[in-house]
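Dear colleague,

Please find the structure below, followed by an account of what was found in it.

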Amino acid sequence: MNKVSKVFQPFSVGFIIITACVAIIFVLVASLLIATFATFRTGINDAINIQTRELSTQIVYNYEASIASIIGTSNTIQADIDGFDSIGSEAFSEYLTQIVRLSSDIIKVSIYDYESQVAIASSEESDIHTSTIGANDSWFFEALEDPTVHVFSTPYAEIGSGEYRVNVGRRIRYQGGARTGVLLIEISFQSFIDLVDKSNLGEGGHVMIIDSYYNVVYTSMPEQETVREGLELVSEIILGSRSAVLGGYSMAVNVDTLSNTKWRICVFINIDQLVEIEQTFLLTTILVSSIVLIIGVILLTVVARGITRPMKQLELAMRKVEKSDYFRMEEVELVASREVKALTGRFNRMMRKIGELMDHVISEQNAQRKSELKALQNQINPHFLYNTLDSILWLIENERNKDAAEMLVALARLFRIGISNDSMVISVSEEMEHVRNYLLIQNIRYAGSFEYSFDIEPVAAEIVTLKLILQPIVENCIYHGLKNKIDKGKIIIKAYIDGDHLLLSVSDNGYGMRQERIDSLYSSFEDKVVNNSVGLKNIYQRVMIYYGGNAGMVIESVLDEGTTITIKQKIT
């Protein structure tokens with residue numbers, strides 16, 4: 001339960017209601033869509049398979065019927081051949097002629113002798129003893145090799161007429177089995193072509209007949225690119241059915257063998273119309289589902305807003321209190337459900353109680369803030385006095401009475417500015433005068449080992465700032481930056497305006513600090529405990545207490561080049 005609450009915690013109630021309901025509707029609609037489409041697609045695929053099988057079966061049946069007729073004629077000739085005294089007689093030739101006349105597909109019947117490879121009988125008298133077997137007549141040699149099959153040649157165009165023909169060869173025995181020959185039945189391939197033309201294969205649909213070596217015996221497709229793609233597809237199918245895109249059309253392909261031949265017949269049927277029906281159904285279903293989903297989301301949004309609107313109004317009232325610079329109690333009245341009204345009443349009572357507590361806390365904080373500033377400021381004065389008196393004592397001991405007198409005058413001016421009144425703020429010009437007196441004292445003590453200068457914008461001189469925030473920084477420059485420096489030290493104090501901020505900076509050409517030291521100082525600033533330090537942390541805490549988030553301190557330092565410390569405060 002904890003994990004679930006953490007997941008839903010960042011989201012609004014309305015968002016959770018809408019998301020959960022939309023997810024449920026989406027799952028239901030998607031499930032219905034998937035189930036409906038799967039059922040429809042199964043029906044479409046079944047229809048495609050049935051149509052493909054029926055057309056392919058019909059075409060194969062017609063082809064095999066024609067082939068069976070030729071084979072039947074061949075078997076009849078083999079059975080009748082021994083009934084003739086001589087196959088070279090006129091009676092046998094007339095017998096062959098009658099066979100040709102009885103079949104519209106048979107063009108010529110001839111018998112070739114095995115040894116001489118010359119036609120010894122034919123339905124065309126002119127071929128007898130003149131027609132010979134050539135090297136390209138593979139049907140003759142293949143028939144001799146296997147007496148159990150009929151060899152069908154590749155269709156060829158007859159010279160002159162252009163008619164496509166096929167040679168069917170079969171090994172036979174004659175003269176009582178004493179001699180071997182090859183029976184040639186030359187048939188017209190036009191009947192095969194007519195069978196394809198009569199079949200409704202659709203746009204781009206065609207029939208392809210291939211041999212066992214995937215050579216094209218016949219194809220009704222004139223496009224060579226499509227034929228090549230068809231051969232690649234058939235080589236993957238071998239036997240059976242598959243759907244594929246061929247020549248830009250969706251095709252159902254069925255591959256079967258032709259009985260009594262070494263051929264396979266490949267039927268390509270255009271199924272674009274069925275695919276289009278499937279796509280139309282899918283698009284229609286998606287459109288209807290989308291409309292249902294959109295309507296559901298709109299209705300759920302209206303309901304969710306009715307539930308969450310009062311809660312948002314209560315949240316808005318809370319935000320007003322949160323963004324206000326001071327606490328202001330406003331009663332919240334809402335027209336809402338019983339639960340939200342009860343929550344609103346509790347909120348109003350809580351705000352009244354907070355108002356009472358805030359008044360008490362503010363008074364205590366104001367008193368504490370004044371005491372903290374006073375305590376931090378008072379930490380500095382004894383430190384000034386101790387260092388200065390120590391310097392004057394040193395001068396007197398060294399009989400430098402004139403310098404001691406100047407230091408006493410500077411000290412008097414220093415304290416006149418520092419403790420002349422109880423105010424925690426003074427003008428920038430007064431703060432600079434305070435620093436100038438301090439530098440005079442220290443310069444006398446260190447025998448002019450450093451020089452100093454002031455760069456104060458006239459506008460900045462009149463702006464009010466915290467008292468005694470520059471002198472500790474200058475003291476750090478002398479003791480940590482310039483003390484024991486071989487070359488003459490230099491200190492520059494600036495006051496200038498940048499936008500709506502006053503910037504007070506102290507720069508020296510001392511030894512500088514490493515970045516690790518700067519980071520350590522920044523880290524010490526974040527320590528909220530007020531300590532007895534009179535250094536940078538003291539100044540930072542005083543500035544932050546007085547100005548809050550409208551002030552800050554920046555430390556910039558380069559080793560062996562010097563350090564610059566800048567106090568930035570917003571002009572009020």
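**Overall fold**

Contacts (heavy atoms within 4.5 Å) between residues 24 or more positions apart account for 60% of the contacts in the chain with a separation of 6 or more. Please note that this is a predicted model, in which local features need pLDDT of at least 70 and side-chain atom pairs count only at pLDDT 80 or more, while totals for chains, interfaces and linings use all residues. Residues are numbered from 1 along each chain as its sequence is written, and side-chain values use heavy atoms, with hydrogens and water left out.

The secondary structure comprises 15 helices and 18 strands; these are DSSP runs numbered from the N terminus, helices being H or I of at least four residues and strands E of at least two. Of the 572 residues in the chain, 40% are buried. Here buried means under 20% relative accessible area, exposed over 50%, and partly exposed in between, with a 1.4 Å probe and protein chains only. The chain exposes about 32,200 Å², of which carbon and sulfur atoms supply 55%; accessible areas come from the Shrake-Rupley method with a 1.4 Å probe, and for residues only the protein chains shown count as cover.

**Nonpolar cores**

A nonpolar core is a set of buried Ala, Val, Leu, Ile, Met, Phe, Trp, Tyr and Cys residues joined through side-chain atoms within 4.5 Å. The largest one has 46 residues, and within it Val474 and Ile491 touch the most other members. Helix α11 (residues 428–445) gives the largest share of this core, seven residues. Apart from it lies another core, of 43 residues, including Ile81, Phe152, Ile187 and Val267. Not counting residues up to four places away in sequence, Ile491 touches, among others, Leu439, Phe450, Val474, Ile478 and Val506.

**Helix packing**

The axes of α11 and helix α13 (residues 471–482) come within 10 Å and cross at roughly 25°. Axes are lines fitted to C-alpha atoms, for helices over the stretch in contact, and angles run from 0 to 180 degrees between N-to-C directions. α11 is therefore roughly parallel to α13, given that angles under 35 degrees count as roughly parallel, over 145 as roughly antiparallel, 65 to 115 as roughly perpendicular and the rest as oblique. Residues making this contact include Val435 and Leu439 of α11 and Val474 and Ile478 of α13.

Helix α14 (residues 515–525) and helix α15 (residues 536–547) pack at an angle of about 45°, with their axes 9 Å apart. These two helices, α14 and α15, are therefore oblique to each other. Leu521, Ser524 and Phe525 of α14 meet Leu536, Lys537 and Tyr540 of α15.

**Individual residues**

Gly181 belongs to strand β6 (residues 179–188) and is buried, with a relative accessible area of 0%. Its contacts beyond four places in sequence include Tyr112, Asp113 and Arg170.

Thr73, in helix α2 (residues 13–80), counts as buried at 16% relative accessibility. Leaving aside neighbours within four places in sequence, Thr73 is in contact with Ile99, Ile106 and Ile185.

Tyr214 is a residue other than glycine with a positive phi, near 60°. Tyr214 sits in the loop between β7 (206–210) and β8 (216–219) and is partly exposed at 29% relative accessibility. Phi of Leu468 is likewise positive, near 60°. Leu468 lies in the loop between β14 (464–466) and α13 and is buried, with a relative accessible area of 0%.

Yours sincerely
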